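Me: Hello! I am new to this structure and would like to look through it with you.

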Amino acid sequence: MQNVGIEIESATYNGATNIIKAVQEMCLEAIQRCSFHIANEICTRLTKNPKSDVARELRQQV
């Protein structure tokens, strides 16, 4: 993209490592992960009925 004159100031990604690598190669400092994908991954990894206090609190926040 830089070769055709497009300047990227920030990036939001879904967690795919190939995207992170590409952005790092462009020396882009403003990069963040999509909050939907973060919440989705947390829900995937937590059980529906967490036993620990910390897991229950995290489940409520997501």
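Reply: Welcome! Buried means under 20% relative accessible area, exposed over 50%, and partly exposed in between, using a 1.4 Å probe and protein chains only. This is a predicted model, where local features need pLDDT of at least 70, side-chain atom pairs count only at pLDDT 80 or more, and totals for chains, interfaces and linings use all residues. Residues are numbered from 1 along each chain as its sequence is written, and side-chain values use heavy atoms, leaving out hydrogens and water.

Me: What share of the 62 residues in the chain is buried?
Reply: Here the cut-off of under 20% relative accessible area applies. Of the 62 residues in the chain, the buried ones make up 11%.

Me: What radius of gyration does the chain have?
Reply: This value is taken over C-alpha atoms, and the globule rule is 2.2 Å times the number of residues to the power 0.38. For a compact globule of 62 residues the radius would be near 11 Å. The C-alpha trace spans about 50 × 15 × 15 Å along its principal axes. The chain itself has a radius of gyration of 17 Å.

Me: In what order do the elements of the chain run from the N terminus on?
Reply: Helices (H or I, at least four residues) and strands (E, at least two) are DSSP runs, numbered from the N terminus. The chain has 3 helices and 2 strands. From the N terminus on, their order is β-α-β-α-α.

Me: Is I6 buried or partly exposed?
Reply: I6 lies in the segment before β1 (11-13). Its relative accessibility is 40%, so I6 counts as partly exposed.
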